[in-house]
Amino acid sequence: MDITQLLDAARHGHPLTSAARHGRPLTVADRGRPLASAARRGRPLTVAATALAATLLLSACGGGAATPGAEKAAAADPTSGANASGNLTICGGKDASGIYKGTAAAFSKENPKITAKYTEIGATTDEARTQAVQRLEGKSTECDIFMLDVIWTSEFASQGWLLDQTKLVESNKDRLIPSTVETTKYKERYWGSPFFTNAGLIYYAKGKVAKPETWTQLYAEAAKSAGNGYVYQGKQYEGLTVNFLELLYSAGGEVLDDKGEVKVDSPQTRKVLDFMAEGLKRGSADRAVLTYNEDATRLAYESGTFGYERNWPHVYRLLNATKLAGTFDVAPLPSFDGTSKASGVLGGWNLGISAHSTNPGAAVSFINFATTPDWQKHVAMDYSQAPVNEAAYSDPEVLAKMPFAKELLASVKGSKPRPISPVYPQISQAIHKNVYAVLSGTASTDEAVKKMAEEIKSAKATF
Amino acid sequence: MTIKTLFPGRGRAGDPSEGDVRGQGQAGVGPSGTRRLGSRGTGDSRTNARDRAERRLAVRMTAPSLILMALVAAVPIGYALWLSLNQYSVRTAGLSRFVGLDNYINALTGPAWWAAFGQTFLFAALSVSLELVLGTAMAVLLNLAFKGRALLRTVVLLPYAIVTVVSAITWETMFQPNLGLVTNVLSALGLPGGDVVWLGEHGYAMAVIVLADVWKTTPFAALIILAGLQVIPRETYEAAELDGSSKWQTFVHITLPLLRPAIVLAAIFRTMDALRVFDLPFVLTRGANGTETMSMLAYTQLRENRLVGEGSALSILTFLTVMAVSIVYIRFAGGNIRDVAKGER
């Protein structure tokens with residue numbers, strides 16, 4: 001969350017922009033003539049009426065016919081990459097680690113017939129999504145590949161914005177970690193190829209607190225003394241959805257089942273919510289987590305007054321640059337109480353081929369390159385991202401740069417995607433709002449669970 | 001208001017005070033209006049004919065600005081209105097259907113709108129009243145003659161010049177539990193509030209948002225009120241002094257009544273802004289702890305959920321709410337502005 005994102009919000013939250021996104025562009029030429037002549041005749045009310053009528057008429061035309069959605073999407077041909085040539089544009093958010101530009105350069109070097117370049121279309125994740133949506137709705141051919149946050153995949157696929165990559169993914173499947181492939185699935189087909197992944201980790205102060213084996217043990221240990229506390233992302237936003245789902249999945253619960261039915265009103269959900277609320281009351285977690293996002297969590301932990309921290313892998317390097325270097329260790333996300341399997345929630349980025357790409361062959365070639373075991377090693381070594389190829393995690397060169405690779409792999413392999421649905425943003429809101437209500441003490445577990453299930457059901461019924 | 005202002009011949013054009021309130025809005029009608037007033041009451045047909053001709057001229061002269069206004073104001077509002085009467089599918093690309101007032105009915109019968117409505121008004125009432133009280137005090141101080149007054153007048157405007165998002169992030173940092181400046185200072189002094197999670201607690205979170213808003217926009221209110229102070233004639237004060245009025249009496253019986261139009265003006269501006277508040281709660285709480293405002297609700301539906309119809313309906317509802325409040329202001333407090341405007345002539 002930063003300024004650009006907010007300015008962007010201020011700009012685009014305005015109805016005019018959403019109008020422009022959804023209707024035919026309004027041109028001055030369309031309206032200038034009737035208005036001018038009416039004005040010349042000197043009938044003020046006619047002028048106003050004409051203007052309004054023109055507006056309404058034009059917007060009426062804007063509805064348009066339905067474009068083919070996921071059902072009629074074209075497929076990417078896995079063999080088309082071999083003889084591809086020309087230009088290739090990859091679009092996505094700010095390239096903070098340099099991985100996108102680096103991969104494009106390395107790819108172009110290995111495939112001299114293709115010139116790949118990376119275009120930053122937004123400074124933040126949210127802004128990049130808006131920019132991608134606007135390009136796709138406008139059928140822009142600017143971008144051949146879009147970097148897709150794992151949670152966008154089903155929404156983009158349902159709109160018919162992506163090429164069906166099922167065959168391509170099948171042909172690359174043996175080198176990809178299965179859980180990461182699942183994040184690109186919508187309606188039994190694959191709409192993207194995983195590029196790099198992400199999974200939560202537990203950072204803990206070794207010597208001060210015990211290694212986390214289960215969530216119940218972690219919470220009990222954290223409550224033992226003030227310096228043992230656990231910090232996580234409890235602010236009312238996407239991060240809280242992730243933190244809650246990690247506990248829910250590890251307790252064997254789910255939000256939607258394989259058929260997409262809402263299963264969130266379950267004993268597991270109630271157990272996890274009670275557990276989290278109890279943790280705040282007993283002091284396992286500091287109440288301040290209700291205001292923490294990832295960065296605030298990290299900063300709080302860096303003060304050295306806590307025992308455990310849940311965060312993403314990038315924190316490892318940052319923590320090592322503080323006075324805490326050498327005093328902490330990393331563990332994969334644990335199981336809930338030992339009776340269920342350890343699990344978590346996958347993050348990361350997938351490569352989606354735009355339905356309006358003019359060079360899908362080159363895009364296929366790029367995806368094949370980016371997912372090779374060799375390049376996946378660079379993903380970890382050069383850019384500190386979690387590879388989608390399992391072998392990379394045990395490579396000695398990778399281990400030298402990423403000593404927690406084994407723990408990260410365990411987290412990645414056990415993790416699952418967040419609920420797969422084109423209305424995921426609404427589902428996530430239903431989760432984090434109601435979880436927050438329980439944590440902050442404004443709703444009982446029972447009320448919140450019922451409301452959560454209800455809101456997810458009505459979200460799923462969205463037209 | 002647009003039609004009446006632009007075509008005074010069709011409205012209560014005979015009332016000379018009508019136009020004064022709106023000021024620059026009808027600059028183009030000025031000459032014809034003045035002349036008509038001069039001839040009012042003679043009632044012969046020649047004047048009427050000339051009157052009509054002038055009215056037509058006025059229409060022709062205002063037509064360009066009218067078209068421009070239609071393009072930049074009426075078209076987007078009309079379009080948003082149209083969007084709000086439809087549903088646009090998030091599941092199937094390009095699909096839309098006309099649903100009439102369904103989006104409005106759903107919004108008005110659900111709890112989310114009314115919760116946001118109440119919270120937004122609470123925020124507006126708290127922040128605007130504080131800003132007016134502090135703004136008046138600040139204006140009175142800045143109006144005193146002292147060395148460096150010009151410099152100070154510029155300096156107090158600084159908070160207003162800072163981007164709201166930036167100041168919101170600063171406030172967020174200051175109120176952070178354990179690490180924040182405010183919480184640390186309160187703990188060090190042994191005052192209550194040091195161990196409160198300000199942004200994670202109902203009531204406290206609203207207090208921080210109000211504080212951040214008051215800090216930022218009080219100088220703006222002060223500036224408007226200061227302008228009002230400077231037009232109060234010095235003779236009035238001299239007369240009061242001769243009559244032996246105390247400082248406080250002078251303030252209550254002379255300054256405040258004469259300052260009322262400026263205060264009302266500041267109140268209108270600030271209330272309209274406060275009712276549309278978005279950036280402060282978005283950064284500070286993301287709408288948690290009962291701080292979701294009407295604008296945030298519309299944003300979530302429009303941007304995050306891409307529910308164009310529902311989001312537009314919420315935007316229109318917000319727009320109508322703000323408009324209704326400004327009409328109430330102008331209706332009940334605006335008469336005061338008119339009187340003063342007339343008195344100054």
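A disulfide here is a pair of cysteine sulfur atoms within 2.5 Å. I start with that cut-off, since the first item rests on it. Keep in mind that this is a predicted model.

A search of the whole structure, over all chains, turns up 1 disulfide. The partners are A:C91 and A:C143, with an S to S distance of 2.0 Å. The torsion about their S-S bond is about -85 degrees, so the disulfide is left-handed. As for where the two cysteines sit, A:C91 is in strand β1 of chain A, residues 86–93, while A:C143 is in the loop between α6 (125–137) and β3 (145–149) of chain A. The pair therefore ties together parts that are 52 residues apart in sequence.

Next, a sheet in chain A. It is open, has 4 strands in the order β8-β9-β7-β10, and its pairing is mixed. Which strands stand at the edges? They are β8 (230–231) and β10 (328–332) of chain A; each has a single partner strand, so one side of each lacks a neighbour in the sheet. Strand β7 of chain A, residues 201–205, pairs with β10(A) in the antiparallel sense, over 5 bridges. Within that pairing, A:L201 has A:P332 of β10(A) as its bridge partner. Helix α18 of chain A, residues 405–414, packs on this sheet and touches β7 and β10 of chain A. The direction of α18 makes about 30 degrees with that of β10(A).

Now two helix pairs, beginning with chain A. The axes of α11 (residues 238–250) and α19 (residues 424–439) of chain A come within 8 Å and cross at roughly 75 degrees. That angle makes α11(A) roughly perpendicular to α19(A). On the α11(A) side the contact is made by A:E238, A:L240, A:T241, A:F244 and A:L245. From α19(A) come A:Y424, A:S428, A:I431, A:H432, A:V435, A:Y436 and A:L439. By class, this contact has 8 nonpolar, 3 polar and 1 charged residues.

The other pair is in chain B. Helix α4 (residues 45–84) and helix α16 (residues 308–332) of chain B have axes that come within 7 Å and cross at roughly 130 degrees. The two are therefore oblique to each other. In handedness, the crossing of α4(B) past α16(B) is left-handed. Helix α4(B) contributes B:I77, B:A80, B:L81, B:L83 and B:S84 to the contact, and α16(B) contributes B:V308, B:G309, B:S312, B:A313, B:I316 and B:F319. By class, the contact of α4(B) with α16(B) has 8 nonpolar, 3 polar and no charged residues.

Conventions: Residues are numbered from 1 along each chain as its sequence is written. Chains are lettered from A and ligands numbered from 1 in the order in which they are written. This is a predicted model: local features need pLDDT of at least 70, side-chain atom pairs count only at pLDDT 80 or more; totals for chains, interfaces and linings use all residues. Side-chain values use heavy atoms; hydrogens and water are left out. Axes are lines fitted to C-alpha atoms, for helices over the stretch in contact, and angles run from 0 to 180 degrees between N-to-C directions. Angles under 35 degrees count as roughly parallel, over 145 as roughly antiparallel, 65 to 115 as roughly perpendicular and the rest as oblique. A crossing is left-handed if the near helix is turned anticlockwise from the far one by less than a right angle, and right-handed if clockwise. Contact means heavy atoms within 4.5 Å. Ala, Val, Leu, Ile, Met, Phe, Trp, Tyr, Cys and Pro count as nonpolar, Asp, Glu, Lys and Arg as charged, and the others, Gly among them, as polar. Two strands pair if DSSP finds at least two bridges between them.
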